[in-house]
Amino acid sequence: PELRVRRFTLPDTLAALPGRGFASRVVSPPPPRVVARSTWRPGCPVGPADLAWVRLTFRGFDGERHTGELLVAARVADDLVGVFRELWRARFPMEELRITRRDELDAAPTGDGNTTGGFACRPVRGSSVTSQHALGLAVDVNPFQNPYLRGDDVLPELASAYLDRGRVRPGMVLPDGPVVRAFARIG
């Protein structure tokens, strides 16, 4: 029942960025220590020099200011900062912004996590085609509130309560909502 309206707030894993409102820091290329804790490996379609480490503030489901991070293609980093600035202004909640780790690529898609994330060196699910995540050009926002549906498969598996898009709850991406508008502005 607690997953029908999921509103968890996880502790920040990064030091808070200065200030009280929206803030961001872009580092490109990312430090080797950041790349080392990501899914990047030799053979990925982009090199570390093509990526940017983006730290930014976001609103949690508790309404408070939190600090998270993304690894994304360097060429879209500033545009994505603009997207997240708009989401901050819209008070759009997110549970966590974190870089995907290598061990998470093989983890069961149960829905225990709800990480908004970008770069993940992997193919499209169920395919050998390179994912836009592997290029650093895709961002999943609140994947629990916005599950992936393919046939009868729901990912994360425990997120089926969110398949009914007419029952609007916090953190959902809606066609006329702030997430779609912000991403549409950057193409």
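In which strand does Arg-65 lie? In this predicted model, Arg-65 lies in strand E3. Apart from neighbours within four places in sequence, the contacts of Arg-65 are Asp-12, Leu-17, Pro-18, Gly-19, Arg-20, Gly-21, Ala-23, Thr-57, Phe-58 and Trp-88. For one of these contacts, Arg-20, the separation from Arg-65 is 45 residues in sequence and 7.7 Å in space, taken from C-alpha to C-alpha.

Strand E3 covers residues 65-73 and is an edge strand of an open sheet built from 3 strands in the order E1-E2-E3. The pairing in this sheet is antiparallel. In general, the strands of a sheet pair through backbone hydrogen bonds, and the pairing may be parallel or antiparallel. The other edge is formed by strand E1, residues 24-27; each edge strand pairs on one side only. On average, and with direction ignored, neighbouring strands of the sheet are turned by 15° against each other. Strand E2 comprises residues 51-59 and is joined to E1 by 4 bridges, the two strands running antiparallel. Within this pairing, Val-26 has Val-54 in E2 as its bridge partner.

Helix H2, formed by residues 77-89, lies across E1, E2 and E3. The direction of H2 is at about 5° to that of E2.

The packing of H2 against a further helix was examined next. Two packed helices are described by the angle between their axes and by the distance between the axes. Helix H3 spans residues 178-185, and its axis comes within 9 Å of the axis of H2, with a crossing angle of roughly 155°. Angles over 145 degrees count as roughly antiparallel, so H2 is roughly antiparallel to H3. The crossing of the two helices is right-handed. On the H2 side the contact is made by Leu-80, Val-83, Glu-86 and Leu-87, and on the H3 side by Pro-178, Val-179, Ala-182, Phe-183 and Arg-185. Of the residues in the contact of H2 with H3, 7 are nonpolar and 2 are charged, while none is polar.

The number of disulfides comes to 1. This bond joins Cys-44 to Cys-121, with an S to S distance of 2.1 Å. The angle about the S-S bond is -125°, and the link of Cys-44 and Cys-121 is left-handed. The two cysteines are 77 residues apart and belong to distant parts of the chain. Cys-44 is located in the loop between helix H1 (32-36) and E2, whereas Cys-121 is located in the loop between strand E5 (115-116) and strand E6 (148-150).

Several loop residues have backbone features of note. The peptide bond from Ser-28 to Pro-29 is cis, with omega near -5°; Pro-29 is found in the loop between E1 and H1. Leu-155 and Pro-156 are likewise joined by a cis peptide bond, for which omega is about -5°. Pro-156 is placed in the loop between strand E7 (153-155) and H3. A positive phi of about 60° occurs at Arg-91, although this residue is not a glycine. Arg-91 lies in the loop between H2 and strand E4 (96-97).

Conventions
Residues numbered from 1 in each chain as written. Predicted model: local features only at pLDDT ≥ 70, side-chain atom pairs only at ≥ 80, totals over all residues. Heavy atoms only, no water. Pairing = 2+ DSSP bridges. Axes fitted to C-alpha atoms, helices over the stretch in contact; angles between N-to-C directions. Contact = heavy atoms within 4.5 Å. Parallel < 35°, antiparallel > 145°, perpendicular 65-115°, else oblique. Left-handed = near helix turned anticlockwise from the far one by under 90°. Nonpolar A, V, L, I, M, F, W, Y, C, P; charged D, E, K, R; others polar. Disulfide = S-S within 2.5 Å.
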